[in-house]
Amino acid sequence: MTLNQLLQLLRDLRRRGKELICLAGVTLLALPAWPLILVMLCLPAGRAMIMRGLARLGGLDQLIRDIMERLQLTPARLSQPSAQPLVQPFPESGEMERDPAARLELFLAHLCPQQRHLLEQLGWDWGHTSPQDRTVKRLSIASTDKMMLRLAVDHAAKMRAGKPAHIAEGREAQPGKARRSSADRKPSLALVSSMPPTASGIANYCRDILPALANHYEITLVVQDPGAVDAPLAQRFRTMGHRDFLLALPPFDRIMYHFGNSQLHYDYFTLLKARPGLVVLHDIFLGDCIFSHFEVMGKTQLLQQVYLSHGWPALPYCVGDVRDTIARYPACAQVFTERLGVIVHNRFAEQKLRQHFSDRLLKNLHLTPLAQKPVQLQNKASARGRLQISSDAIVYASFGFINQNKCIFELLDAWNASGLANNSSARLYFVGDCDDAALRRKIDARILELGFGAQVVITGYVDSRAYDDYLAAADIALQLRRNSRGESSAALLDCMAAGLTTIINAHGSMAEFPDDTVVKVADDFSNVELAEALQTALTSFSENNRTGARARQHVADCHAPDKVVESYIAHMEAMYQHSEASVDSRQLLNALASSNANSSGAGLWQRVCEMGERTASTSPGMTAPETEQLLIDISARHYNSDLQGLSRCMSDHLLFHLLQDTDLPYRVEPVYWDRKSSDYRYARSFASNLLQVEPLEIYDDPVEIRSGDVYLGLDAATSTDLATQAHGVLQHWRERGVSIFNLLASTAAFEAQPDIPSSNTNSSADTGVNSRAADSYLRQLAQHSDGIICVSDSVAESYRKWLAQSGLPLEGAHIGHFLPGMADAEAKLPLKASLITRLKFKPLTNDPYLLLLDSGGVESGLVNWVNALEQFWASGNRLKLVVVSEQKNRYRKAAAVHHLSGVSEEMRELLFQNAAGVVIPDLGAGADMPLFNAVEHETAIIARDHPVLRELCGEHAFYYSANDGDRLVGEVLEWWQLYLSDRHPQSSQLSWPSWRVSARQLTGCILDAS
C-alpha cells in the first residue's frame, strides 16, 4: 500500500468519525490479543476467522471490511484475478437500469463466498466494484445458481455482437490438423477431469481411457490449467480452462465429469450447475473436496452440503471435529441433483449410497467396473536390477499411499508371526509415500521394535516407471483396507493385471472379486489368519502362480478400458436421449448460440425466461434433492414469534422431533407463506435456530415441489388469512402431485353456531369464532385436502359428524388422529426464578389458588369463574382465582381474584408449580398449553366436561358442567372438599406419549393415507 493510498484511506475515514471511535474502542479491548491477531492475519484461515468475528459487530462490519480490503487483508482474494475483467467498471445507478451487464455485476458483487471464489478463478475482477457494494452477503442457493446461467447468457450477447470471445470454441486445433465436415463429424465431448502431470489417480485413469473415448467423440479436455497439460495430450486434444468451459458456446454434445474427493474437483460443483453432464463418481464421500477451500467459508460450506444431501437430521451430529463430519456423511447429493446420470464403479459404493439416499434420487445411478489398462511389465530380473533387489529374494509388496486405513501395523505383526521375519530371503516393500509424519514415525518405531532391520522397506513416492518396476519385481502383493467409503482400488487392479498373487481382506469393494482370483481373508481378520495367508500366497506363487493368472484374466474380461468405456457411453447416450434436463438445456443453449447478432443480454435473458416452467424447473438452481418432502407449514409461528398454545407446541416440540427423525421416508422441511413473493419458502433460519445447529448462512429459498411430496398445515385456522392467501398455490401443488394434509387441533370451529342471540353470554358471538367464516374454511379444507389429521379421536369424530351434516361426501376423506405429546422430563430444564419474580409471586402464596389462563373469549367461562369464586370466598373458603390475561377490564375487581399480565416464563413456571389446580374452561378447545403445563407440573386439573378433554385426561381430572356462576359454586365446593382430603383426581397419574412418540403417530397417519 503506497503512502498516497494510505492518506486517501485516512481522509475517507475522517468522514466516518463515530464508527471510527467505536472501532478504536473495540481495538483497545482487543489490545492484549494483538500479537495473536497479527499472526492470524498472516494466514488465510486466520483472516477468515477474524472476518467472521468482526462481522458480528453489526454496524461496524462494513467499515472493517473497507479497511481490510484497502490493506489487502480480505480473505475473498484467494487467487489472483485476471487482468481482463468480464464487464466494464461499475456504473452509476441510473446507468445500471439501462445496462443488463451492470445489473449482473451488482448481483455478483453480493455473491456468497463459495461462488465468489470460483468466479475469481474464472477471471472476475472485484477491483472494479465500489467498496460499499463488496460486502459479502448471503444469497439464496437458487439465485446464485441462476447467476451462472445468466453469466452465460450475457456472454452470448457479447459474443454474437462480434466482440472478441476467445472462449467460444476452446483452443483452436493444432496447425495442420484438418477440421472434419459436419457430415462425418463425431459428437463433441467435454471431458472434465484433472490430467497428467497432475499427481492424481483420476488424472492417470482418464489418460488411460482417452484412446477408447476418442474412437467415439471429438474430445476437449477441461482442466484447471490448460497450459500445464502433458505435451502429448495437448497436441492430440483441444484443451479448455474452467472459465472457458463455463461460458463456451455453442454447447458440447456430451459432457462427462470425473469427480473425486480432492480439492482438484472443487469447482465441479458449480460447473455442473451451468453445464450438466454424466458424472463418473470415483469417491462417494466428497467432504474433503468441499472442505478443501475452508479459507472461504470455514466449516459452513461443508454444513450446507451436508444439509442439502442429508437434511436436518444430520446437522446435530456435525459438531466437534470436522473430520468426523467428513467421515460420517457422503454430502454428494448435489452431484445427483445436477446430473444426467451418475456412474459408480462397485456394488459396495452403490449400497453405501442407498443407505444414505432415496431410490428416487438414485434413479439414474449406474454401475460400471473401474477400467484397468493391460500391464506390460519389464523382465523381472532387469526390474530387480534397477531396484537393486536380489534375484533370489522373495518379494512381498504393498502399493499405494500409506495411511491409517492400509492395516500397516496388522501386517507387520502378521509378518512377524508367520516366520517370514526369520527368512533371510523374504522382503516386504511398501511402495508409496506417507504424508502423515506422526504415522510414519510410529511405523518406523514399530519396525525397529520388531527388529526387522532392512527386511522392511518404505520406498516413499515413486514415479510411474519405478512403480512398474516394483510390480515386475514383486512375487506377492498385499492390498489390505479399513474404513472404505466406496472407492475402488486402482492399486489392487494394477497388481491383478500384473498377474501377481494378491492378498486382500474382504472389505468394501474388494470383497466383490472372485475368490479364485485373490487370496482373500476375512474383513476383520485376525493376526493368525493373515499370517497363514502370507504362507498360502507363497505356496500359490511357487505352484506356477495359478491365482495370479486367473487374476490377470479376470481383469482382461471385466475391466478392459474398451469395455468400460462402452458401458460409459451406453449410459451417457441413454441419459442424453431421454433426460428432460438435457433436452431443455440443449434447446436453451442452441437458442443462445443462434441468437441474432444485435441481441442484448437482457433480450437473451427474456428468451430464457420465456422457455416455460419446465425449463426453469430443470435448469440449474435446484436446491432440494429429488426425494419426497414433508413440508410442514409454520406460517403462523413465522409471523408471530409470541404465538402460544398448541400451535406453538406443534411448531416447536413436534417439529423438533420430526426434523431429527432419520427413519421417515420423507425429507422434513418447515415452510412458511411469504406475503411479499406470494409463495412458500423453506424456513431454514427457523429450523437451524430450533435445532441449535451452526448457522448455515443460506437464505429461505422458494419451495421446490415434486410429485409425491406431502404438505401438512399445522392448524391453519389459527391464521385463516394466510390460509386464504396460500389456497391458490396449494391447489397448484395438488395438481402437480403433492398430497395436502391439514391438522385440526380442536372442535371449536365446527361447534360455532350461526344463530347468535346477543343476550346469551355463552353464545358464539363472544367466542371470537365467526361461524360463517369457520364453516367456509372447513368446507374449503374438506374439499381441497387429501386428509385431515385431528388431535385426539374425539376431534376426529366431531369432524366426521360435521362432514355428515354439511352434505360433503365422506368417501375418500382420510381422517386420522394422534395424541399431542409431553416434553420429556429429562429434556425440560428447570427454570431458576429471579429475585424480582419471586417477590412478585410471594403475595399469591398466602392462600391456595386456582390458575386460569384467559384465552380471550367469554366462552372460556372467565365471568362465570369470577362470579363463582367471589361467592366461594364470601362463604369463608380461602380459595383464590389467579387469572393470566393480557386483556384488562374484562371483569370487576374482587378480593378473591388476582389479575396478572405480561407474565414471564419464570413466573409462569412458579404459577403452575404452586397452584392448587388449573382450570381448563374452554368448550371444545381440546389440547392446549394450560393442559400440557398442568400435566408437566403434576397440577390438579379442573376441566370442562367435554369429550375431547375426557379422552385426553380420563379419570385423572375433575370435570364440571355448570354454565353459570351460581351452579358452578356447588361444583367448586365438591372439588374443594376432595382437595382438602387429598382425594381429588391427580394429573400425575396421566400417561401421555412423549413428543417423539406423538411425532411418530402423526407421520403414521400420513403414511397410512399414502
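A charge sits over a ring if NZ of Lys or CZ of Arg is within 6 Å of the ring centre and within 35 degrees of the ring normal. In this predicted model, the charged end of Arg667 sits over the ring of Tyr307, 5.0 Å from its centre. Arg675 has its charged end over the ring of Tyr639, 4.0 Å from the centre.

## Overview

The protein has 1010 residues, and 54% of them count as buried. It has 44 helices and 26 strands. Among contacts with a separation of 6 or more, 73% involve residues 24 or more positions apart.

How confident is the prediction? The average pLDDT is 76, and 68% of the residues score at least 70. Over residues 72–115 the pLDDT is below 50, though the model gives this stretch 109 contacts beyond near neighbours in sequence. Residues 121–145 also stay under 50 in pLDDT. That stretch has 84 contacts beyond four places in sequence.

## Aromatic pairs

How many aromatic pairs does a search of the whole structure find? The search finds 19. Two of these pairs are set out here.

| Pair | Distance between ring centres | Angle between planes | Arrangement |
|---|---|---|---|
| Phe259 and Phe269 | 5.1 Å | 65 degrees | edge-to-face |
| Phe399 and Tyr467 | 5.4 Å | 70 degrees | edge-to-face |

Planes over 60 degrees apart count as edge-to-face. The planes of Phe259 and Phe269 stand at 65 degrees, so this pair is edge-to-face. Phe259 belongs to strand β4 (residues 254–259) and Phe269 to helix α13 (residues 268–274), so the pair ties together parts that are 10 residues apart in sequence.

Phe399 lies in strand β8 (residues 394–399), while Tyr467 lies in helix α23 (residues 464–473), so the pair ties together parts that are 68 residues apart in sequence. Phe399 counts as buried at 0% relative accessibility. Tyr467 counts as buried at 18%.

Ring pairs also build a cluster. Its members are Phe245, Phe252, Tyr257, Phe259, Tyr268 and Phe269.

## Nonpolar cores

The largest nonpolar core holds 194 residues. Which of them touch the most other members? They are Leu213, Ile219, Phe245, Phe259, Leu281, Leu851 and Ile941. Helix α10 (residues 201–214) gives this core its largest share, eight residues. Leu281 shows what such packing involves. Beyond residues up to four places away in sequence, Leu281 touches Phe259, Leu286, Val335, Phe336, Val342, Ile343 and Val344.

A second, separate core has 33 residues, including Ala414, Leu428, Ile443 and Leu534.

An α-helix has 3.6 residues a turn, so residues three or four places apart point the same way. Two helices show how buried residues can be arranged.

Helix α19 spans residues 347–356, and its buried residues are Phe348, Ala349 and Leu353. Why do they line one face of the helix? Seen down the axis of α19, the buried residues fall within an arc of 140 degrees, so they line one face. What covers them includes α18 (333–337), β6 (342–344) and β7 (365–367).

Helix α20 spans residues 380–387. Its buried residues are Ala383, Arg384 and Leu387. Down the axis of α20 these residues fall within an arc of 95 degrees, so they line one face of the helix. The face turned away from the buried side carries the exposed residues Ala381 and Gly385. The buried residues of α20 pack against β8 and α23.

## A look at Glu529

Where is Glu529? It lies in helix α25 (residues 527–542). Glu529 is partly exposed, with a relative accessible area of 27%. Leaving out residues up to four places away in sequence, Glu529 touches Val521 and Ala522. Along the chain, Glu529 and Ala414 are 115 residues apart, yet their C-alpha atoms are separated by 8.3 Å. Ala414 is one of the residues in the second core.

Definitions and conventions
Residues numbered from 1 in each chain as written. Predicted model: local features only at pLDDT ≥ 70, side-chain atom pairs only at ≥ 80, totals over all residues. Heavy atoms only, no water. pLDDT = per-residue confidence, 0-100. Contact = heavy atoms within 4.5 Å. Phe/Tyr/Trp six-rings, centres within 6.5 Å; stacked < 30°, edge-to-face > 60°. Helix = DSSP H or I, 4+ residues; strand = E, 2+ residues; numbered from the N terminus. Buried < 20%, exposed > 50% of the residue type's maximum accessible area, 1.4 Å probe, protein only. Core = buried A, V, L, I, M, F, W, Y, C linked by side-chain atoms within 4.5 Å. Arc of directions from axis to C-beta.
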